[in-house]
Amino acid sequence: MAYPNLSEITLLEASIAIKGKQLSPIELVSACLARIEKLNPILNAYITVAHDEALSSARSATEEIAQGNALKPLHGIPMGIKDVFDVAGMPTTAGSSHTTFPSIDSTIARKLKDAGAILLGKHNMHEWACGATNRESHFGPVHNPWNVDCISGGSSGGSAAAVAAGLDLGSIGSDTAGSIRIPAALCGVVGLKPTFGSVSRNGMVPLSWSLDHVGTIARTVDDVETLFKIIAQKPTNIVESNEISASIVQADGIRCSDNLVGLRVGIPKTYFFDGLDKEVQNALHKAIEDITNFGAIVDEVSLPDVAEAVNAHAIIMYSDAAAYHEESLASNALIFSDTVIGRLRRGQEYKATEYSKAKQIQSSWTKCLEHLFQKIDVLITPTTAVPAPHIIKVPNSENRPLILLTCLFNLTGNPAISLPCGFTSLGLPIGMQLVAKKWYESTLVATARFYEQSHPWSKQRPGIPS
């Protein structure tokens with residue numbers, strides 16, 4: 001089978017083609033590197049490109065296939081990785097002016113390499129992961145492939161932009177307040193934030209020890225699930241048939257069939273649907289209507305004061321970040337931009353009593369979500385209240401509005417996924433967020449897969465030149 005446009009191939013499609021000897025790793029990696037050379041000056045999605053190392057790995061992978069060696073799950077698959085994860089031989093910057101040169105891989109990088117992935121380089125990101133616009137990187141802003149005058153979202157904005165534009169086939173990002181889901185929504189790809197603690201953070205530059213999650217970004221639900229299974233520290237729970245309709249459960253775990261009969265879906269009555277952009281609102285209502293028509297049981301659910309949780313999240317996040325950067329703040333503050341240092345100083349100003357109360361709110365909300373998911377299987381919300389804003393119209397200080405619909409689920413640690421659910425009249429992607437019980441990533445994947453396969457959104461590609 002010929003693949004005339006490798007920029008549109010998905011991770012699983014490429015894996016099948018490589019294993020079937022219809023596509024070679026050299027061909028695929030060379031195509032991605034050529035696309036990076038052409039488009040990265042426009043998008044600024046990569047900070048570091050390991051051109052020679054990637055080609056060398058691709059040659060080795062091609063030889064292994066020719067020799068009939070046992071293939072690995074990601075054999076010959078070109079990927080990028082957010083520049084908070086150490087990769088031996090590549091600089092780590094976290095989007096800042098401060099650079100380290102690790103000699104050993106982070107756990108994530110090692111797992112990807114062990115699975116046969118070929119790392120093309122490091123993705124651009126919001127400085128120190130401390131922001132959601134991705135305007136603020138020492139290396140310049142990341143541009144959205146759907147409209148290069150718009151932001152990509154952050155802080156994993158380089159990852160989402162690269163995947164959307166076909167510079168690589170998947171990425172690993174970090175998510176502290178929505179940093180995987182926000183750019184996935186704004187760039188029209190899929191982003192999975194799994195349960196807190198399900199993926200190792202060893203060898204990762206942290207933002208908040210209490211809230212950081214490691215997750216996956218790719219073009220399809222199947223692709224993010226494939227990557228998650230490889231990087232997860234332990235298997236997540238298999239959903240039993242009494243938890244969700246037997247029509248979408250099989251012996252090998254939860255899979256989608258021809259309907260969602262029996263799936264219990266919750267829609268928050270307040271907060272998450274307040275003040276939405278009209279086109280975002282219409283797309284979400286249509287997606288919920290479709291899910292209802294597929295047989296899901298959809299009901300409104302009540303939540304306590306979400307604003308209280310958002311405030312607690314900010315106190316914990318900035319306090320943790322200030323603690324991590326304490327020495328640099330005292331001795332080398334020039335490594336921070338004015339906006340980021342302002343956020344870190346804010347973290348230093350919180351009192352111990354405020355932090356303690358925030359942790360109490362975190363515990364209370366975690367229990368609240370545990371109780372909620374005894375009644376429902378999936379919670380549905382928008383991922384962001386607006387489509388990607390224009391770069392020059394977003395002040396550097398504007399971070400909080402983009403995280404308002406995502407950060408609660410970092411506070412509680414529940415798994416959440418963002419996937420496309422439509423486009424605006426100007427052609428910008430709109431994202432839908434699904435949330436599930438802790439360790440029930442399988443529920444998210446099954447529901448998201450069914451919706452994705454019933455709609456054309458994931459098959460659409462940005463108009464940026466091929």
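User: What am I looking at, and how are residues numbered?
Analyst: It is a predicted model: local features need pLDDT of at least 70, side-chain atom pairs count only at pLDDT 80 or more, and totals for chains, interfaces and linings use all residues. Residues are numbered from 1 along each chain as its sequence is written, and side-chain values use heavy atoms, with hydrogens and water left out.

User: What is the mean pLDDT of the chain?
Analyst: The mean is 92, and 92% of the residues reach 70 or more. pLDDT is the predictor's confidence in each residue, from 0 to 100.

User: Where does pLDDT stay under 50?
Analyst: Over residues 236–256. For that stretch the model has 46 contacts beyond four places in sequence. Contact means heavy atoms within 4.5 Å.

User: On to the sheet. What is the strand order?
Analyst: The order is S1-S3-S2-S6-S8-S7-S14-S15-S13-S11-S12. That is 11 strands in an open sheet with mixed pairing. Strands (E, at least two residues) and helices (H or I, at least four) are DSSP runs, numbered from the N terminus. Two strands pair if DSSP finds at least two bridges between them.

User: Which strands sit at the edges?
Analyst: Strand S1 (46–49) and strand S12 (297–301). Each pairs on one side only. On average, neighbouring strands of the sheet are turned by 30 degrees against each other, direction ignored. Axes are lines fitted to C-alpha atoms, for helices over the stretch in contact, and angles run from 0 to 180 degrees between N-to-C directions.

User: How do S11 and S12 run, parallel or antiparallel?
Analyst: Parallel, with 5 bridges joining S11 (residues 264–268) to S12. Gly266 stands opposite Asp299 in S12.

User: Which helices pack on the sheet?
Analyst: Helix H8 (residues 278–293) is one of them. H8 touches S11, S12, S13 (378–382), S14 (416–423) and S15 (429–436), and its direction makes about 50 degrees with that of S15. Helix H15 (residues 441–453) packs there too, touching S7 (190–193), S13, S14 and S15. The direction of H15 makes about 10 degrees with that of S14.

User: And S13, what does it pair with?
Analyst: S11 and S13 run parallel, joined by 2 bridges. Val265 has Val378 in S13 as its bridge partner. S13 and S15 pair in the antiparallel sense over 5 bridges. There, Leu379 stands opposite Val435 in S15.

User: How many residues of S13 are buried?
Analyst: 5 of its 5, and the strand is mostly covered. Buried means under 20% relative accessible area, exposed over 50%, partly exposed in between (1.4 Å probe, protein chains only).

User: Back to H15. Why call it largely enclosed?
Analyst: Because 12 of its 13 residues are buried. Among them are Leu444, Val445, Phe450 and Tyr451.

User: What about the length of H9?
Analyst: H9 (residues 306–324) has 19 residues and reaches 27 Å from its first C-alpha to its last. That is close to the 27 Å expected at 1.5 Å a residue. The expected span is 1.5 Å times one less than the number of residues. Of the 19 residues, 14 are buried, so H9 is largely enclosed by the rest of the structure.

User: What caps its N-terminal end?
Analyst: Asp305 does. A side-chain oxygen of Asp305 lies 3.2 Å from the backbone nitrogen of Ala307.

User: Where is Asn410, and is it buried or exposed?
Analyst: Asn410 is in helix H14 (residues 408–412). Asn410 is buried, with a relative accessible area of 1%. Leaving aside neighbours within four places in sequence, its contacts include Asp175, Arg181, Lys193 and His313.

User: Backbone now. Which peptide bond is cis?
Analyst: The one from Gly154 to Ser155, with omega near 10 degrees. Ser155 is in the loop between S5 and helix H5 (157–164).

User: Which residues have a positive phi?
Analyst: Ala129 is one of them, near 60 degrees. Ala129 lies in the loop between S3 (118–123) and S4, and is buried at 6% relative accessible area. Tyr271 has a phi near 75 degrees and lies in the loop between S11 and H8. Most residues other than glycine have a negative phi, and most peptide bonds are trans.

Conventions
Polar contact = N/O pair within 3.5 Å; in protein donor to acceptor, adjacent residues only side chain to side chain.
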